[in-house]
Amino acid sequence: MSLKEVVNVPAQIIARHLQSKGDAAALLSELVAHLRESRTQLREEWARRITLTKLLTAMSEDEIFAEATSVYDNYVEALETGTFQALQAYARNLSERIIPRGVETHEVVGIVLLLRDVLARSLFAKYHEDFTQLNRILDAYEPAANRIANTVAVGFVQERERIILQQQEAIRELSTPVLQVRERLLILPIIGVIDPHRARQLTEQLLRAIRTNRAKVVVIDITGVAAMDSNVANHLVQTVEASRLLGATVIVTGLSPEIAQTLVTIGVDLSEMATVGDLQGGIEEAERLLGYKVVPLAEHATQA
Amino acid sequence: MEVPILKQSKYLIASIQSALTDADLSQLREALIARVGRYRARGVIVDVTALDVMDSFAVRTLRDVAHMARLRGAETVIVGIQPEVAFAMVQLGLTLKGVATALDLEEGLAFLDQRARERVDHAS
């Protein structure tokens, strides 16, 4: 490399840089004009490739085409204006509509990347003779396209997270009922995940119910509890002991094999706790403790 | 403050009306154990409905009363623990192990009657 060339390189870079600043806007508008021009064709190509790759199986072809059209227009608009608010709003709106239909994250990201590929190919096809121009067009196109893909994907994921949060809230609001099934016999069915907050609420509710219903026996059914850790188990033990202090006996029913195994493995001491296999057994045991005997009416008649 | 101890047939009933000092609690323990012998009592009921706090000394004293009374031939039952108190006790690990508990005075009496019947059944 000659000295002259070495000196020349920075100058070239600076020149290109200056030029690109002014050019970027022009390039982008050229790009947008091209995308508008070949809108019908590119949109069809995109929809075809979505169907081909078996994305969005939850939607019909017509729906895909309709959505593809509006996504395409929004996409071009975002490219043109360089602002993403409109696209963000559209992405959120779209996510709201398609999430309930079971559209997955990978599908959404997949289709946006497909559109990027389709558009890039059309650019290759248009500028394949002028390599420098293609490079400059791509320089303008790629950052914008990547940002759009990012915006749509993030919008979708945010919408999903919002829905998940909403559902968590709804689950938490479902209170756990304390039911009286017989004079002085309460049932507390627990369903779902027990976190410390819920465990505390549950215990307080139960203790209050024991007092107001003058309960002597309580059956806590945990058939609906999928998993249990040492914290929850200890809380359960505390609930049992607190109930005993109020004079009520607690029977725990419906421990699944998995939970039984976990509790034994982590070494929670449940020796103080009366446990019965299922809810029916628990209620029978409770009736026995209360001095009830349930007999069929016919048998009762012959006895009397 | 001294806790009144009532005698009702074969049972002694101590109804705590206000917060007690450690000295009061010890005094209650002595008085109850002495009277179990004097009245030939078969059961002791300690009513703690009025207490909104139970510290470790109170819990230990009540447990001691129960164990001592048993040695003297009487069954003890603690009645009227408030839900909030029960929860706090359990969290502090004060669980009155081996001591009978009941919801209120009525339940406590029913429990002692039941125990007396069981003893009779056992004997016969």
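Colleague: Which residue of S5(B) is the bridge partner of Val79(B)?

Modeller: The model is predicted: local features need pLDDT of at least 70, side-chain atom pairs count only at pLDDT 80 or more, and totals for chains, interfaces and linings use all residues. Residues are numbered from 1 along each chain as its sequence is written, while chains are lettered from A and ligands numbered from 1 in the order written. S4(B), residues 75-79, pairs with S5(B) in the parallel sense over three bridges (strands are DSSP runs of E, at least two residues, helices of H or I, at least four, numbered from the N terminus; pairing takes at least two bridges). In S5(B), Val79(B) is bridged to Ala102(B).

Colleague: Which are the edge strands of the sheet in chain B?

Modeller: The sheet is open, with mixed pairing and the order S1-S2-S3-S4-S5. An edge strand pairs on one side only. That holds for S1(B), residues 5-8, and S5(B).

Colleague: Which element gives the largest share of the side of chain B that touches chain A?

Modeller: There, 13 residues of chain B are in contact with 13 of chain A (C-beta atoms, placed from the backbone, within 7 Å). Two elements of chain B give two or more residues: helix H3 (83-91) and strand S5 (100-102). The largest share, six residues, comes from H3(B).

Colleague: How are H7(A) and H3(B) oriented to each other?

Modeller: Their axes come within 9 Å and cross at roughly 135 degrees (lines fitted to C-alpha atoms over the stretch in contact; angles run from 0 to 180 degrees between N-to-C directions). Under 35 degrees is roughly parallel, over 145 roughly antiparallel, 65 to 115 roughly perpendicular, the rest oblique. H7(A) and H3(B) are therefore oblique.

Conventions:
Two residues are in contact if their C-beta atoms, placed from the backbone, lie within 7 Å.
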